[in-house]
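Here is a quick tour for anyone meeting this protein fold for the first time. Take a look at the picture, then read on.

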Amino acid sequence: MLSPLLQVDPEIFEAITGEVRRQQTSLELIASENFVSVAVMEALGSVMTNKYAEGYPGARYYGGCDFVDIAERLAIERARTIFGAEHANVQPHSGTQANMAVYFALLERGDTILSMELSMGGHLSHGYKKNFSGHSYHSVFYGVDRKTEQIDFDQVRALALEHRPKLIICGASAYSRFIQFSRFAEIAREVDAYLMADIAHIAGLVAAKLHPDPFPYCDVVTATTHKTMRGPRGGIILCRQEHQKSIDAQVFPGMQGGPLMHVIAGKAIALKEAMAPDFRVYQEQILKNARALALGLEKRGFRLVSGGTDNHMVLIDLSAKGLTGQQATQILERVGITANKNLIPYDPRPATEASGIRLGSPALTSRRMREPEMDQICAFIDQALSAADDQAKLDKIHAQVLELCEAYPLYQRSYHM
């Protein structure tokens with residue numbers, strides 16, 4: 001019980017220390033990833049992980065929940081305060097499970113949902129055929145205009161009028177423009193549909209009032225506490241009071257048992273961090289850095305989907321570069337830059353190859369990098385993708401990446417636990 005990890009399991013110890021080194025010595029550009037604070041990591045590795053707490057604060061099915069109740073109540077109140085929500089459920093283990101609970105609460109099996117198509121920037125849990133949401137519900141998808149590559153609201157309205165969905169979902173995992181919740185709300189009212197916003201990616205920007213607010217318009221909002229929120233991996237649901245009972249019942253006992261109390265404690269800490277004045281400064285820098293990435297890439301000849309960005313991410317079309325997204329991510333990883341392949345609108349390639357890559361600025365911003373570093377990173381990307389078969393050039397770029405990482409250390413000391 002008291003032996004250190006290195007002694008108990010050297011293989012896992014090596015995996016963790018290897019991941020520490022990887023994070024410290026690479027440039028993290030995956031838009032859905034970020035680095036939590038030391039305080040959040042302390043909570044995640046705390047004795048809160050030992051406690052079973054089925055139910056909700058003040059109404060648990062186990063004894064001994066006094067202190068985990070404190071943690072969950074703090075997380076709930078902080079979430080409500082930050083987002084201006086009437087109710088918050090902080091128990092979902094992920095964004096997908098937050099979405100699942102909403103569907104179970106508002107819909108019957110086979111009901112119609114209208115959401116953004118995955119290949120256009122949507123999410124698996126918004127009705128994709130291989131996901132539970134596509135199995136359980138009848139999914140209809142809207143997309144983006146071929147010319148502007150932004151949401152086609154004429155199509156959204158036409159599909160809504162034709163199919164009369166019970167739920168309309170606005171939100172995306174690979175869409176770099178503002179989401180106009182007010183326009184979705186007009187359409188939802190016209191067809192008497194519930195409106196749900198999935199702000200998993202943009203929650204930090206919404207919290208900092210740097211993105212249009214979904215709450216005046218939507219019945220329910222789901223989010224994750226990582227990504228731009230810079231907290232532990234997990235989900236939250238924010239809703240109007242009228243939906244509290246049904247949503248809470250679907251989270252527990254509907255689809256989850258005991259909540260992960262160490263994660264909820266971490267969520268509470270991240271939410272407190274998001275209430276501090278410097279959180280808005282951080283979010284402002286995320287936007288500045290994303291725009292700097294967009295400008296830096298564009299001036300080096302890369303085509304940006306939709307022509308730019310309003311949020312934390314940039315989607316790049318590599319078609320003119322003669323590379324697939326899969327090839328590009330592999331090349332970049334060889335020089336210490338982590339990104340992910342991504343479909344672009346109307347992509348002729350399969351998802352396993354894709355024609356684009358998705359980049360995001362939150363993790364680099366957490367390392368205190370700013371616009372000059374973004375331009376330098378754009379140069380690294382351009383040089384690496386132009387030297388795919390020249391290992392000597394790639395080694396030189398990798399050395400420069402390591403120098404930049406060393407100049408902006410991730411943590412002051414290594415954390416293995």
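A residue is called buried when its relative accessible area is under 20%, exposed when that area is over 50%, and partly exposed in between. Keep that in mind, because at 3% relative accessibility Cys218 counts as buried. One more thing before we start: this is a predicted model.

Strands of a sheet pair through backbone hydrogen bonds, either parallel or antiparallel.

β4 runs antiparallel to β10 (residues 235-239), and three bridges join the two. Within that pairing, Ala88 is found opposite Leu238 in β10.

Strand β5 (residues 112-116) is mostly covered, with five of its five residues buried. β5 is parallel to β6, over five bridges, and parallel to β7 as well, through two bridges. Leu114 shows up in both pairings: its bridge partner in β6 is Val140, while in β7 it stands opposite Ile168.

Which residues touch the most other members of the largest nonpolar core? That core has 60 residues, and the answer is Phe83, Tyr142, Ile168, Cys170, Phe184, Ile199 and Leu238. Some of these names have come up already: Leu238 faces Ala88, and Ile168 faces Leu114.

A disulfide is a covalent bond between the sulfur atoms of two cysteines.

| Cysteine | Closest cysteine sulfur is in | Sulfur-to-sulfur distance |
|---|---|---|
| Cys218 | Cys170 | 4.4 Å |
| Cys405 | Cys378 | 15 Å |

The sulfur of Cys218 is too far from that of Cys170 for a bond, and the sulfur of Cys405 is too far from that of Cys378. Cys405 is buried as well, with a relative accessible area of 2%.

**A buried glutamine in a loop**

Gln91 is located in the loop between β4 and α5. Is Gln91 buried or exposed? It is buried, at a relative accessible area of 2%. A polar atom of the Gln91 side chain lies 2.8 Å from the backbone oxygen of Gly55. Setting aside neighbours within four places in sequence, Gln91 is in contact with residues including Gly55, Tyr56, Arg60, Glu72, Val251, Phe252 and Lys267.

**The four-stranded sheet**

Further along there is an open sheet of four strands, ordered β11-β12-β15-β14, with antiparallel pairing. Its edge strands, β11 (303-304) and β14 (340-342), each pair on one side only. β14 is joined to β15 (residues 356-360) by three bridges, and the two run antiparallel. Here Asn342 stands opposite Gly356 in β15. Helix α13 (residues 325-334) lies across β14 and β15, at about 50° to β15.

The loop between β12 (313-317) and α13 holds Ser319, which counts as partly exposed at 45% relative accessibility. The side chain of Ser319 makes a polar contact with that of Asp317, at 2.6 Å. Apart from residues up to four places away in sequence, Ser319 touches Ile344 and Ser355. Ser319 and Ser355 are 36 residues apart along the chain, and their C-alpha atoms are separated by 5.9 Å.

Key:
Residues are numbered from 1 along each chain as its sequence is written. This is a predicted model: local features need pLDDT of at least 70, side-chain atom pairs count only at pLDDT 80 or more; totals for chains, interfaces and linings use all residues. Side-chain values use heavy atoms; hydrogens and water are left out. Two strands pair if DSSP finds at least two bridges between them. A nonpolar core is a set of buried Ala, Val, Leu, Ile, Met, Phe, Trp, Tyr and Cys residues joined through side-chain atoms within 4.5 Å. Buried means under 20% relative accessible area, exposed over 50%, partly exposed in between (1.4 Å probe, protein chains only). A disulfide is a pair of cysteine sulfur atoms within 2.5 Å. A polar contact is a pair of N or O atoms within 3.5 Å; within protein, one must be able to donate a hydrogen and the other to accept it, and residues adjacent in sequence count only if both atoms are side-chain atoms. Contact means heavy atoms within 4.5 Å. Axes are lines fitted to C-alpha atoms, for helices over the stretch in contact, and angles run from 0 to 180 degrees between N-to-C directions.
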